[in-house]
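Visitor: I am new to reading protein structures, and I would like to learn how to go about it. Could you take me through one, feature by feature?

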Amino acid sequence: EGEQAGLARMLLRLRQQRQAVQPPLCAALQRFLKSAVSAEIEQTLTQVLDATRPYATGHPGRAAYRTMRRAILRRLEKLNRYAPYVQYPERLAELHAMRIAAKCLRYTIQAFAPLYQETLAESIQTARTLQDLLGDVHDCDVWATQIPLFLDAERSRTEAYFGEAGPFTCLLPGILALQQNRARLRAQRYQEFVAFWQDSQQHGVWDRLRQALDAPLEKPGDCTELAPPPHA
């Protein structure tokens with residue numbers, strides 16, 4: 001019960017911050033809805049579709065698969081650039097960048113997955129799990145940064161209102177409990193991430209992804225090249 005006052009105060013401040021950004025957000029959305037941006041996007045995509053439809057073959061050719069393969073492998077290469085930082089929990093920026101790389105890899109694979117008949121499902125799930133675990137780690141890192149700032153700001157507010165910081169002490173148990181809770185969760189999720197990364201490496205998840213990407217190019221029936229669309 002002694003922790004409730006601090007948590008209630010933090011919740012109040014977060015709600016106040018959210019309410020403060022709500023009006024400009026709504027205004028930005030209204031400007032977007034009144035603009036012609038969405039109509040222009042739809043028009044452009046329709047034109048591209050109409051221009052390429054006469055050249056469709058009903059099945060992607062080798063050129064299309066090569067393009068997809070390059071796109072996915074570029075994302076995978078970027079993810080693997082952060083592998084040296086996996087064992088360093090203090091490298092917050094690199095772990096956050098690794099999460100973004102895992103997200104981009106996942107979305108890229110998902111975009112092309114229908115053309116590979118479920119052979120990319122394992123890679124998608126692996127990237128999703130990496131993204132989720134690193135996302136939890138990053139969320140805890142944000143808390144670790146924001147809680148001390150909240151304490152300083154709330155102490156200053158208390159002193160300005162009461163003339164002294166005495167009433168501020170009743171907020172400390174809840175805020176410090178939250179800080180400790182997020183630190184424990186961060187350590188737990190980080191260890192889960194390291195274990196999952198090592199397991200995926202040992203079981204060759206990315207090797208199977210590369211093999212799946214190469215498979216369509218090895219089939220004699222997939223040798224039809226897609227004619228390029230006109231430049232107009």
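Predicted model: local features only at pLDDT ≥ 70, side-chain atom pairs only at ≥ 80, totals over all residues.

Visitor: What does the radius of gyration say about the chain?

Guide: One sets the value beside that of a compact globule, which for 232 residues would be near 17 Å, whereas this chain has 25 Å. Along the principal axes, the C-alpha atoms fill a box of roughly 80 × 50 × 25 Å.

Visitor: Which residues touch the most other members of the largest nonpolar core?

Guide: In soluble globular proteins, nonpolar side chains tend to be buried together. In this chain 29% of the 232 residues count as buried, and the largest nonpolar core has 33 residues, of which Leu79, Leu120, Phe193 and Trp206 touch the most other members. At least two residues of this core come from each of α3 (62-80), α4 (92-112), α5 (121-162), α6 (172-202) and α7 (205-214), and α3 gives the most, with seven residues. Another core, of eight residues, lies apart from it, and Met10, Phe150, Leu171 and Leu178 are among its members.

Visitor: Which residues does Phe193 touch?

Guide: Leaving out residues up to four places away in sequence, Phe193 touches Val86, Leu95, Met98, Leu130, Leu133 and Leu134.

Methods: Residues numbered from 1 in each chain as written. Heavy atoms only, no water. Rg over C-alpha atoms; globule rule 2.2 N^0.38 Å. Buried < 20%, exposed > 50% of the residue type's maximum accessible area, 1.4 Å probe, protein only. Core = buried A, V, L, I, M, F, W, Y, C linked by side-chain atoms within 4.5 Å. Helix = DSSP H or I, 4+ residues; strand = E, 2+ residues; numbered from the N terminus. Contact = heavy atoms within 4.5 Å.
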